[in-house]
Amino acid sequence: YLGFLFFQVLCTLFLPGVWIKGLPVPTENNKQHDYLCNGAASWYVTLIAVFLLEKFNILSLSFMAINFGRLMTTSIIFSDILSLIIYAAAEIQGKSIRMSGNFFYDFFMGAYLNPRIGYFDFKMWAEIRVSWILLFLLTLSAAVLQYKSQGSLSYSMIIILTAHFLYTNACMKGEECIPTTWDIFYEKWGWMLVYWNLAGVPFVYCFQAFYILKNDPQLPFWWFLTLMV
């Protein structure tokens, strides 16, 4: 899990993309932050890396499905720790804004609006790269494990795999639209978002794939064809 996060950090920092300016931030003297939107490049490089790991038997994608519980637990623990670090950083640096005075509420909703180092924006990175790429990889892992176990993919698995691929692909290709959204411009990066970005989205939204892997529901071909079209 940590290796995946580190890989996505490297992709965000060094792959080519387009520079987009965010909206003026009132609490920062209307400063407009710069965002390097290279989600598409990161997405394709990740897919190539995963393919190579599988092809040369370095790390099979089925590892993620087999160790789903351990990976999910790790993501939850990491989210809790990162939330504390981000909250403390906001307080120490004097970056806390719109605080209620109730620690539990402020920790949940967040204190830091734009936690970043240089042009690396933690909130945007977590919301786009980690959430959706990891979701697809978990779904793909379930599909790989089904294929290795049964020798084929069920219609149900093909449908959910296609859906998650198309959604993730759309998010990565449209990343330049994200810096001006409410999420980035106004919503603070507290435990709610940190947890949901790093653990909630990928490990909850893939439940359909793991239900299919475990229960193998059968769909008639005409139903499969209708849904795919």
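## How the helices pack

Let's start with a helix pair: in H4, Phe68, Leu71, Met72, Ser75, Ile76, Phe78, Ser79, Asp80, Leu82 and Ser83 meet Trp191, Val194, Tyr195, Leu198, Ala199 and Phe203 of H9. Sort those contact residues by class and you get twelve nonpolar, three polar and one charged. Keep in mind as you look around that this is a predicted model.

How do you describe a pair like that? Two packed helices are described by the angle between their axes and the distance between the axes. For helix H4 (residues 68-93) and helix H9 (residues 191-205), the axes come within 8 Å and cross at roughly 170°. An angle over 145 degrees counts as roughly antiparallel, so H4 is roughly antiparallel to H9. The crossing of H4 and H9 is right-handed.

| Helix pair | Axes come within | Crossing angle |
|---|---|---|
| H4 and H9 | 8 Å | roughly 170° |
| H7 and H10 | 10 Å | roughly 165° |
| H2 and H7 | 7 Å | roughly 140° |

Take H7 (residues 155-173) and H10 (residues 207-215) next: their axes cross at roughly 165°, which makes H7 roughly antiparallel to H10. This crossing of H7 and H10 is left-handed. On the H7 side the contact is made by Ser156, Met157, Ile160 and His164, and on the H10 side by Gln208, Ala209, Ile212 and Leu213. By class, the contact of H7 with H10 has five nonpolar, three polar and no charged residues.

H7 also packs against H2 (residues 39-55), with axes that cross at roughly 140°. H2 and H7 are therefore oblique to each other. From H2, the residues Gly39, Ala40, Trp43, Tyr44 and Leu47 meet Phe165, Thr168, Asn169, Met172 and Lys173 of H7. The contact of H2 with H7 divides into six nonpolar, three polar and one charged residues.

Now for the inside. Which residues touch the most other members of the largest nonpolar core? They are Leu138, Met157 and Phe210, in a core of 56 residues. Helix H6 (residues 122-150) gives this core its largest share, 17 residues. Met157 is a name you've met already, as one of the H7 residues in the contact with H10. As for Phe210, if you skip its neighbours within four places in sequence, it is in contact with Ala65, Phe68, Leu138 and Ala142.

Along the chain, Lys214 and Gly151 are 63 residues apart, while their C-alpha atoms are separated by 15 Å.

Finally, have a look at two asparagines in loops. Asn29 has a phi near 55°, a positive value in a residue other than glycine. You'll find Asn29 in the loop between strand E1 (18-21) and strand E2 (34-37), and it is exposed, at 76% relative accessible area. Asn57 isn't a glycine either, yet its phi is positive at about 55°. Asn57 sits in the loop between H2 and helix H3 (62-66). With a relative accessible area of 69%, Asn57 is exposed.

Note on methods. Residues are numbered from 1 along each chain as its sequence is written. This is a predicted model: local features need pLDDT of at least 70, side-chain atom pairs count only at pLDDT 80 or more; totals for chains, interfaces and linings use all residues. Side-chain values use heavy atoms; hydrogens and water are left out. A nonpolar core is a set of buried Ala, Val, Leu, Ile, Met, Phe, Trp, Tyr and Cys residues joined through side-chain atoms within 4.5 Å. Buried means under 20% relative accessible area, exposed over 50%, partly exposed in between (1.4 Å probe, protein chains only). Helices (H or I, at least four residues) and strands (E, at least two) are DSSP runs, numbered from the N terminus. Contact means heavy atoms within 4.5 Å. Axes are lines fitted to C-alpha atoms, for helices over the stretch in contact, and angles run from 0 to 180 degrees between N-to-C directions. Angles under 35 degrees count as roughly parallel, over 145 as roughly antiparallel, 65 to 115 as roughly perpendicular and the rest as oblique. A crossing is left-handed if the near helix is turned anticlockwise from the far one by less than a right angle, and right-handed if clockwise. Ala, Val, Leu, Ile, Met, Phe, Trp, Tyr, Cys and Pro count as nonpolar, Asp, Glu, Lys and Arg as charged, and the others, Gly among them, as polar.
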